[in-house]
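Me: I would like to go through the labels given to parts of this structure and ask what each one rests on. Please set each value against its cut-off.

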Amino acid sequence: MQFHHHGYISADPRHLPAAGTGIDRPADLPDEIDVLIVGSGPAGMLLAAQMSQYPTVTTRLIERREGRLAIGQADGIQARSVETFQAFGFAERIIAEAYRITEMNFWAPDAADPSKIVRTARADDDPAGISEFPHLIVNQARVLDYFAEVAVDSPGRITPDYGIEFVGLTVGEGEFPVEVVVRYVAGDRAGQERTVRAKYVVGCDGARSRVREAIGRKHIGGQSQHAWGVMDVLAVTDFPDIRTKCAITSQAGSILHIPREGGYLFRMYVDLGEVPEGDNGRVRATPLDTIIAKANDILSPYTLDVKDVAWWSVYEVGHRVTDKFDDVEPGADHAPHVFICGDACHTHSAKAGQGMNVSMQDGFNLGWKLGAVLTGRAPEKLLETYSAERQVIAQNLIDFDKEWSTLMAKKPEEFSSPEELAEFYTSTAEFPAGFMTQYTPSMIIGEASQQDLATGYPVGKRFKSHAVVRIADTVPAQLGHHARADGRWRIYAFADRDATALRSWAEWMGTAPESPLQTFTPAGTDPDSVFDVKAIYQQDHAEVEMGDIPAVFLPRVGPFELIDYEKIYAADPRDDIFEARGIDRGGAVVVVRPDQYVAHVLPLSATQDLAAFFAQNMLPAHAPATV
């Protein structure tokens with residue numbers, strides 16, 4: 001973590017000075033808003049935390065509830081989400097309080113006595129070492145709390161406006177084209193309606209999204225006619241794997257068992273069976289006692305004595321994807337102004353643990369794009385890539401969840417072998433971990449024509465971190481962990497053997513008028529305010545002399561123009577990044593988007609290609625914002 005570059009700080013360095021709209025932030029909604037977020041779920045709160053990094057942008061978040069969420073329904077945190085938490089600065093703290101999944105056990109009927117269950121398999125949660133980050137279980141409310149902390153401690157000082165609900169909107173013309181009607185539902189103004197105008201509106205308001213309805217988008221899909229009871233409980237049991245994630249299949253039905261944070265609480269998804277035609281939702285009135293009794297039947301010969309229930313519900317599995325994630329029809333000649341994220345876009349079963357995770361990635365994808373457009377860094381056309389990228393991912397999620405939830409609902413005799421469920425879990429591990437996403441070529445994703453230069457960094461997939469050594473202080477580091485959710489692009493320059501090509505590239509990057517650094521960095525700002533440029537040398541750190549490092553990798557920042565020494569790294573000889581990530585020994589440039597996805601791979605010599613790539617998705621620093 002870096003600080004002191006604007007002067008000595010003795011307080012918590014995470015609490016950044018207020019700036020722009022964060023100074024004297026008005027208590028009530030202003031009449032004109034740049035970005036209005038509707039809903040304080042995972043997508044909405046991440047988006048607020050992201051937009052708080054842009055203090056010149058007026059962002060407000062309205063939430064119908066009167067205060068913070070106390071008990072969340074989602075609890076599974078995939079490794080990709082923890083990687084995202086790292087970018088927002090709270091991964092270590094949430095890991096400390098969460099339950100960590102390292103293994104999943106599988107139970108099925110005993111061949112000798114099918115009325116009883118036995119353990120049939122154990123599976124490592126990440127057998128292939130997909131990520132250095134863990135798979136966690138923690139209450140959704142705590143995730144929202146952490147994002148809320150980031151939002152209020154960042155320069156924009158964003159806090160939710162509770163007790164205000166979205167009523168409707170219309171999209172017109174002008175600087176603030178979206179007219180939004182809101183209603184106060186709490187406090188002295190309860191029942192009052194008012195109209196505000198916004199440049200952009202983002203609906204993060206759940207499966208029954210009013211924003212989605214207001215722009216005429218449709219949830220497409222249906223229900224699987226299968227019901228599940230879910231309960232978070234404190235209980236006494238003789239089931240031996242009560243503190244291990246388990247998939248349990250028995251003659252009486254199935255349970256997905258998930259230990260919760262804190263050492264005592266756990267969640268069970270209990271199979272309530274097929275829902276008959278014409279049920280019309282009556283299964284949702286199933287009493288808690290019935291769910292507990294069903295769980296005991298499934299667990300036989302073990303018993304479950306429930307002492308306290310923190311939360312419970314009954315639901316029918318549904319799989320739906322919205323037809324488009326913004327308000328613009330395909331082929332239209334104008335950019336979108338209304339977007340939807342999270343459950344407003346996609347709904348599915350909870351058993352794959354994907355809902356909150358994919359929702360947060362929706363918000364991460366959209367947030368930096370809104371920030372770039374509204375600060376004049378990028379053309380408004382950039383916003384069209386949100387729906388184009390995320391709708392495909394949502395459909396992939398639905399397809400995976402259908403397969404997983406169908407397997408979980410199978411009867412024991414329907415499996416081809418007792419190991420079928422475990423084998424599916426292991427073979428598909430990359431998807432539920434959140435790392436299968438791969439964006440296709442666009443204005444922000446280049447062609448993979450030079451992929452052989454960095455085979456371990458597939459273009460369109462997230463940038464996978466690796467161990468390196470920081471040259472200036474010899475500290476072991478993870479290269480990707482230095483990146484923050486601050487809207488900046490990352491450019492990683494991997495040196496050739498003697499760094500000759502690297503020096504030529506650095507000279508061009510730092511001085512050539514057509515280089516991205518010169519073209520898109522606003523005058524009067526730090527040289528790394530738009531592009532975070534780092535060098536990774538092949539040699540041991542002791543063999544790299546500070547005097548030989550080009551100035552572009554040692555930028556002078558802050559009012560005192562202090563040198564930033566945390567952009568220069570060397571390969572760790574114990575675990576060489578060049579070898580591990582397939583980096584060509586002749587060097588390579590890896591371009592990474594603000595949301596951590598690899599945007600391009602190029603040789604050090606392809607300076608004009610690098611300039612052309614950014615010319616298609618950014619605006620010169622002197623150009624006005626096209627909003």
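The turns below take up the labels one at a time.

Reply: The model is a predicted one.

Me: Why is W107 called buried?
Reply: Buried means under 20% relative accessible area. W107 has 4% relative accessibility, so W107 counts as buried. F239 has a relative accessible area of 2%, so F239 is buried as well.

Me: What makes W107 and F239 a tilted pair?
Reply: Rings pair if their centres lie within 6.5 Å, and planes under 30 degrees apart count as stacked, over 60 as edge-to-face and the rest as tilted. The ring centres of W107 and F239 are 4.9 Å apart and the planes are at 50°, so the pair is tilted. W107 belongs to strand β5 and F239 to the loop between β12 and β13, so the pair ties together parts that are 132 residues apart in sequence.

Me: Why is the pair of W107 and Y302 given another name, edge-to-face?
Reply: Over 60 degrees counts as edge-to-face. The planes of W107 and Y302 are at 90°, with ring centres 5.8 Å apart, so this pair is edge-to-face. Y302 sits in the loop between α6 and β16, 195 residues from W107. The whole structure holds 24 aromatic pairs.

Me: How do you know that β5 and β13 are paired, and which way do they run?
Reply: Two strands pair if at least two bridges are found between them. Strands β5 (residues 103–109) and β13 are joined by 4 bridges, and they run parallel. One of the partners is I248 in β13, bridged to W107.

Me: What joins β13 to β14?
Reply: Here there are 5 bridges, and the strands run antiparallel; at least two are needed for a pair. S250 has G253 of β14 as its bridge partner. The two strands form a hairpin, with 2 residues between them.

Me: What makes β13 mostly covered?
Reply: In β13 (residues 245–250), 6 of its 6 residues are buried. K245, A247 and T249 point one way, C246, I248 and S250 point the other way, and all are buried.

Me: Why is α2 described as largely enclosed?
Reply: Buried applies under 20% relative accessible area. For α2, 10 of the 10 residues are buried, so the helix is largely enclosed by the rest of the structure. Among the elements covering the buried residues of α2 are α1, β3, α4 and α7. Just after α2, G89 takes a positive phi of about 90°.

Me: How do you know that the span of α4 is close to the expected one?
Reply: The expected span is 1.5 Å times one less than the number of residues. Helix α4 (residues 140–153) has 14 residues; its first and last C-alpha atoms are 20 Å apart, close to the 20 Å expected. Its buried residues include Y146 and F147. Y146 and F147 also belong to one aromatic cluster with F85, F88, F90 and F364.

Me: What makes a set of residues a nonpolar core, and which members of the largest core touch the most others?
Reply: The members are buried nonpolar residues joined through side-chain atoms within 4.5 Å. The largest core has 121 residues, of which F147, W489, W505, F531, F553 and F614 touch the most other members. Helix α7 (residues 355–374) gives the most to this core, with 9 residues. A second, separate core has 26 residues, including Y439, V459, F463 and V592.

Notes. Residues numbered from 1 in each chain as written. Predicted model: local features only at pLDDT ≥ 70, side-chain atom pairs only at ≥ 80, totals over all residues. Heavy atoms only, no water. Buried < 20%, exposed > 50% of the residue type's maximum accessible area, 1.4 Å probe, protein only. Contact = heavy atoms within 4.5 Å. Phe/Tyr/Trp six-rings, centres within 6.5 Å; stacked < 30°, edge-to-face > 60°.
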